[in-house]
Every structure is written in structure tokens, then in C-alpha cells.
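This briefing goes through one protein model, from its overall build to the pairing of individual strands. Please keep the sequence and the structure in view while reading.

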Amino acid sequence: KANRKFHTDDTVIDINGIKIGGGNFQMIAGPCSVESREQICTIAESVKNSGATMLRGGAFKPRTSPYSFQGMHAEGIELLLEAKRLTGLPIVTEIMNISHLPLFEEVDVIQVGARNMQNFELLKELGKLQKPILLKRGLANTLEELLMSAEYIMAGGNENVILCERGIRTFETATRNTLDISAIPVLHSKTHLPVIVDPSHSAGISRLVRPLTLAAIAAGADGLIIEVHNDPSRALCDGPQSLTPRAFEHLASESREVLQLM
Ligand code: PEP
Ligand code: MN
């Protein structure tokens, strides 16, 4: 179902009137994790004013250490919904366990994180919904494996899948991951699904988010998902790769300029 061979037109996914794919570009921004009402609402208003069209924020966080902040869980989703009511921005947040699905009723886009890309039972359950799924590429998965994971969701009847390249593990240690820029044109040739890029997790360093963002747009990405925090040095997760609202405002404006050239 994901194969371009049997579906030549680009898929356009409609998220409360916000279209992505087939020439429709969208900018998703927000903190790695929801930390408080004030934090998520402040960031939401600011990224909206800068041109973001969707809000991201984690409530269930897949942390490497069990002693790291794990997210605000149900309360985090409640706060995202408040930010959505305040700004009108659709919200994107990660699911880690299908038993939490009832909490995602009013979530606009459900994210499957890199670590769950091959959690096939989770993918099958999400395939029973009609809600858009943002499927991130696993840390060490091939594009063929990413497409097969999309197929798991689509096979169940949910064809609203957005693919996300977020950097992969390589021998290079200068960056958190290595952005596989060729994933964008390769995926576009193999599938009709929208392809977005996460330059924040690819880089791991806020200074590198700008060049990776501009490169992703030039390579044909249908959108971006960028981490923005109002106080990166005090962020509970992924501060070093988070842009300040001001840096995001500047980057969003440059992104529109590069998009014009495409
Ligand atoms: C995230 O989006 O904050 C995240 C955990 O991403 P990934 O699954 O790509 O590491
Ligand atoms: Mn993060």
C-alpha cells in the first residue's frame, strides 16, 4: 500500500485542514517534552507566531536512563490540549504503549518514535485507527524496513502515515546521529507518503539545526519537526539540541525563502 508503483499520486494528509504531502509543506515545532502549562502554552504561542502549523511535545518519553525525566504522561496530554485550544495548532505527541490509546482521543497526530518503529503489535493497533501517524525511522533501520513498518499500519486500513527521517547511527560521533539526506529523495521515489525531517534529533546540537533544516528543504522534504524550548539550558530533555523561540523565528523565515526557490 505504501509502494509508489501502485499509487503514483502523492498522498496528501489532512490534519484539521492542515495538509501535508503533494507539495504541501508544514512546520511542526515545540519542546521535546511538555514540562508545565506555562512552558507549553508560551512555546505554542511563540512558534505559531513564527509560522509553525503544528505543535509537538512529548508526554511519554523514551529515555535511555530510567532515572531521567519520563514525561508528564496523562497530564502532559491535557496540557497539550490546552495549548491546542489556545492556539488552534493541531498537536503531535508520541505513544509508547497501546494501553495509553484512550488518552490520545483528541491528539491530532500520533507519533511512533524511532525506538518503536518495529514494535509491530503497536503498529497493527494504530492501523485500526484513521488518525494520522507520524512514523519515525529507527536508529539503525534501513529505508526498506521503515517502509515495511508503514505497511504494517496501512495494512490494517490506516493509510494516513507520515514518514520521518531523524538521523541514524553511524561511526561518526561529532553529531548525535547522522542525517541521511538521501532518505528524502529515495523515499519519494519508493512511496507516495509524505516525508518529513527532524533536524533536532539528527544533529543533537542546536547550532547544526539550521543547516540541516535548509538542506532538508532543498532535498524535497514535505515538512520539518523541530524542537524549540523557551529556556533550553533548563529543559528536562534534549535542551542542547533545542532552538530558542527567537532562533526558531529566524529559521522559519529562512525556511520559507528556501521553499520559494524549490
Ligand atoms: C522525540 O521526538 O522527542 C523523540 C524521542 O524522537 P526519536 O524517537 O526520533 O528519538
Ligand atoms: Mn527529543
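The model is predicted. It contains eight helices and 10 strands, and eight of the strands close into a barrel with parallel pairing.

**Overall form**

- The radius of gyration is 17 Å, close to the 18 Å that the globule rule gives for 262 residues, so the protein is as compact as a globular protein of that length.
- The C-alpha trace spans about 45 × 45 × 40 Å along its principal axes.
- Of the 262 residues, 48% are buried.
- Among contacts between residues at least 6 apart in sequence, 67% join residues at least 24 apart.

**The barrel**

- The strand order around the barrel is β3-β4-β5-β6-β7-β8-β9-β10.
- On average, neighbouring strands of this sheet are turned by 25 degrees against each other, direction ignored.

- Strand β5 (residues 91–94) runs parallel to β6 and is joined to it by three bridges. Within this pairing, Val-92 stands opposite Val-109 of β6.
- Strand β7 (residues 133–136) also runs parallel to β6, again with three bridges. Here Ile-110 has Ile-133 of β7 as its bridge partner.
- Between β6 and β7 the chain passes through helix α3 (residues 120–126), and this β-α-β crossover is right-handed.

**From β7 to β8**

- Four bridges pair β7 with strand β8 (residues 161–165) in the parallel sense.
- Which residue of β8 is the bridge partner of Lys-136? The partner is Cys-164.

**Helices packed on the sheet**

- Helix α2 (residues 74–87) packs on the sheet and touches β4 (54–56) and β5. The direction of α2 makes about 165 degrees with that of β5.
- Helix α5 (residues 183–190) packs on the sheet as well, touching β8 and β9 (195–197). The direction of α5 makes about 165 degrees with that of β9.

Note on methods:
Residues are numbered from 1 along each chain as its sequence is written. Chains are lettered from A and ligands numbered from 1 in the order in which they are written. This is a predicted model: local features need pLDDT of at least 70, side-chain atom pairs count only at pLDDT 80 or more; totals for chains, interfaces and linings use all residues. Two strands pair if DSSP finds at least two bridges between them. Helices (H or I, at least four residues) and strands (E, at least two) are DSSP runs, numbered from the N terminus. A crossover is right-handed if, with the strands pointing away from the viewer, the path from the first strand over the helix to the second runs clockwise. Axes are lines fitted to C-alpha atoms, for helices over the stretch in contact, and angles run from 0 to 180 degrees between N-to-C directions. Two residues are in contact if their C-beta atoms, placed from the backbone, lie within 7 Å. The radius of gyration is taken over C-alpha atoms; the globule rule is 2.2 Å times the number of residues to the power 0.38. A residue is buried if 20 or more other C-beta atoms lie within 10 Å of its own, exposed if 12 or fewer, and partly exposed in between; C-beta atoms are placed from the backbone.
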